[in-house]
Amino acid sequence: MTAQTSATTVALADLPSLVGTTLGPSSYRAVTQEQVNLFADATDDHQWIHTDPEKAKDGPFGGPIAHGYLTLSLLIPLTEQILEVTGVTTKVNYGLDRARFVSPVRVGARVRLVSVVQDVAEVKGGMQITLDSTVEIEGSERPAVVATTLFRFYA
């Protein structure tokens, strides 16, 4: 297992200097059945491949898997592990330009994040950063998610 790197810390004004920089990896984070069940309740998506471990054992993935959007939502806490922007009052998840669910994440698997800073642009009152983000699954050659994510930081 690769050791966790510490968060890259940068002042808001210096954010453009990170273009081309690889951030991470974050630490690994386990995906639990409890998380999957809570996500199912929050989104009203109770498909058996997520919430019925007994039935899922005989399903296409050999056990229950996390919702793709649950895995995608982990980008928020994992990004906070690899990037800290100082001198800001507000941080906003501005969305996605692209997202693909490459491989399912089985319950009990551990995931981590590696991102590359693709672009930084000024926006009214702050900066927008575009990251090419990859959620990796421990022990797997294929990632769980690849996404182009956008965050805004305001002074």
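1. Basis of the values. Because the model is predicted, local features need pLDDT of at least 70 and side-chain atom pairs count only at pLDDT 80 or more, whereas totals for chains, interfaces and linings use all residues. Residues are numbered from 1 along each chain as its sequence is written, and side-chain values use heavy atoms, with hydrogens and water left out.

2. Salt bridges. With a salt bridge taken as a side-chain nitrogen of Lys or Arg within 4 Å of a carboxyl oxygen of Asp or Glu, the count comes to three. Lys 57 pairs with Glu 54, their closest N and O atoms being 3.0 Å apart, and Glu 54 counts as exposed because its relative accessibility is 54%; here exposed means over 50% relative accessible area, buried under 20% and partly exposed in between, with a 1.4 Å probe and protein chains only.

3. Helices (H or I, at least four residues) and strands (E, at least two) are DSSP runs numbered from the N terminus. Glu 136 and Arg 112 also form a salt bridge at 2.7 Å, N to O, and this pair joins strand E7 to strand E6 across 24 residues. Glu 136 is partly exposed at 24% relative accessible area, whereas Arg 112 is buried at 9%.

4. Largest pocket. A pocket is an open set of points, on a 1 Å grid over the protein atoms alone, where a 1.4 Å probe fits, with protein on both sides within 12 Å along at least five of seven lines; its lining residues have an atom within 4 Å of a point. The largest pocket has a volume of about 160 Å³, volume being the space filled by probe spheres set on the points, which are joined across faces, edges and corners. Its lining includes Ile 76, Glu 80, Lys 91 and Phe 151, and helix H5 (75-82), strand E4 (83-86), strand E5 (90-101) and E8 each supply at least two lining residues.

5. Helix H5. The buried residues of H5 are Leu 75, Leu 78, Thr 79 and Ile 82. Seen down the axis of H5, these buried residues fall within an arc of 100°, so they line one face of the helix; the arc is that of the directions from the helix axis to the C-beta atoms.

6. Nonpolar core. A nonpolar core is a set of buried Ala, Val, Leu, Ile, Met, Phe, Trp, Tyr and Cys residues joined through side-chain atoms within 4.5 Å. The largest one has 33 residues, and Leu 15, Val 31, Leu 83 and Phe 153 are among those with the most contacts inside it. Strand E7 provides the largest share of this core, five residues.

7. Backbone details. Most residues other than glycine have a negative phi, and most peptide bonds are trans. The peptide bond from Gly 24 to Pro 25 is cis, with omega near 15°, and Pro 25 lies in the loop between strand E2 (22-23) and strand E3 (29-30). Asp 44, although not a glycine, has a positive phi of about 60°; Asp 44 counts as exposed, at 65% relative accessibility.
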